[in-house]
Amino acid sequence: MSEPPASLDRAALQGARVLLGVSGGVAAYKAALLARGLVTHGAHVQAVLTEAATRFIAPAQLAALTGRPVPTDVFDDAHRIVHVDLARQADVAVVAPATANALGKLAGGLGDDLLSSTLLCLTAPLVLAPAMHTEMWEHPAVVANVATLRERGVVLVGPEHGPLAGGDEGPGRLAEEGAILDAVAAALAPAGRGSGELAGVRAVVTAGATREHLDPVRYLTNRSSGRMGYAVAGALARRGAHVDLVAGPGELPDPPGVTVHRVETAREMHAAVVERAQDAAIVVGAAAVADFRPAQAADRKRKKGATDEPEQVTLVRNPDILADVGARKRPGQVLVGFAAETHDEEAHGADKLGRKGLDLIVVNRVDAHDAGFAVETNRGVLLTADGQRIALPLASKEALAETLVDHIVARRTGADLPERTPPR
Ligand code: PMT
């Protein structure tokens, strides 16, 4: 078995009581590696298997790895009300793999077995690592359940894009062990952990769209969901950075350990970022900021005129947030932009990199079905100020954010990039 990558801060796992739920999917065998990884980092692990999970992995294997019996039934030890006990004794819970059925039961509040009943009693943070076939992951019911769970503050890690059971390939593969360990550690220690590669470092990240008002009921905006910026903020926090996330309107839950500042317009985002960027060693602009706004936002709803002639709206330029931060760049500061493009992307990205005084820019297409706005995955190219071009293959936005943070860390220290575990 390979060791999990040791570069991330997992100190919070030491001594933590982790409830490891395993539901019944092919990836259940990987729960053994995760259990071992948690134990290696000093956690006390209590595994709970669904009945279906026992067909993929033996309770005895997890019992041997964790040093504790593995209950599978609400009636295993009925006199002590097992599910209530298990939930109360957890500092954090992680379900890996979490099947579509497990997600659906939790979203719907069903408790028809030991794991689902335990999760309904849980008050500790919960991390879910979904794994299933792509068709299931993309089914509208599963998408809705995932959204519900996210809204409730549940942390989701993965799934990754990659080979699936039965020779298929696509999104649905269980996240890597290292990513799950990091998510559990971050969920345990949401606020300013004192260690990690970026401990004590301040970072500012922008995310989402801005809204530029025409009148009290109408505005100009774009399709950015904020997911990419939220993933970058989470990845920086997991390395120990103190992260201020300046985010446009949206429904995403706050990433663990990140301070979120909500804004609406480009000018509000500009003010919030410029103020904080002075003290920040890292600034990442993942927001899709409106370049223009209506010259005048009417304070009453605009009415159709007496004729059918459309009303002309005059637009004026918004401030360029990253360019202004770049113009005031301090020595050692690392500035990172994103370029949302539909054509000639690398040329446009290189132009923005130079014009805004950036160190790195992620160039991503926004006309592809699996990248850019609102989807769970992204891909593109990372361009550096010293002329490097690094391909960023298709991955979840969380995984791409981790890779980006690797490059930010390497940029700060001038060190070689840390080895990352190759996808399994
Ligand atoms: O939010 P998601 O749904 O996850 O989608 C992710 C994303 C597609 C929005 C993201 O990956 C992305 O590409 N973000 C940048 C979008 C954008 O506005 O690109 P741009 O090429 O117009 O701007 C270049 C850079 O300048 C960006 O870092 C942008 O944040 C910044 N900018 C732009 C205009 C402005 N007035 N101020 C800025 O700081």
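I began at valine 274, which is buried at a relative accessible area of 12% (buried is under 20%, exposed over 50%, partly exposed in between, with a 1.4 Å probe and protein chains only). This valine lies in helix α10; helices (H or I, at least four residues) and strands (E, at least two) are DSSP runs numbered from the N terminus.

A note on the ground rules. This is a predicted model, where local features need pLDDT of at least 70 and side-chain atom pairs count only at pLDDT 80 or more, while totals for chains, interfaces and linings use all residues. Residues are numbered from 1 along each chain as its sequence is written, and side-chain values use heavy atoms, leaving out hydrogens and water.

**Threonine 265**

I found threonine 265 in the loop between β12 (258-262) and α10 (266-277). Threonine 265 is buried too, with a relative accessible area of 16%. Its side chain reaches the backbone nitrogen of glutamate 268 at 3.1 Å, a polar contact (N or O atoms within 3.5 Å; within protein, one must be able to donate a hydrogen and the other to accept it, and residues adjacent in sequence count only if both atoms are side-chain atoms).

**The ligand**

Next I looked up the ligand, which 28 residues surround, Ser225 and Lys352 being among the closest (a residue is near if one of its heavy atoms lies within 4 Å). A polar side-chain atom of serine 224 lies 2.6 Å from a ligand oxygen, and a polar backbone atom of glycine 285 is 2.6 Å from an oxygen of the ligand. A backbone N or O atom of alanine 286 lies 3.0 Å from a ligand nitrogen. Taken alone the ligand exposes 770 Å², and the protein buries 96% of that (Shrake-Rupley method, 1.4 Å probe). Which element gives the most to the shell? I found that β16 does, with four residues.

Most residues other than glycine have a negative phi, and most peptide bonds are trans, so I checked for exceptions. Alanine 96 and proline 97 are joined by a cis peptide bond, omega about -5°, and proline 97 lies in strand β3 (residues 92-98). Glycine 158 to proline 159 is also cis, with omega near 5°. Aspartate 344 has a positive phi of about 45° and is exposed, at 52% relative accessible area. Alanine 374 has a phi near 70° and is partly exposed, at 40%.
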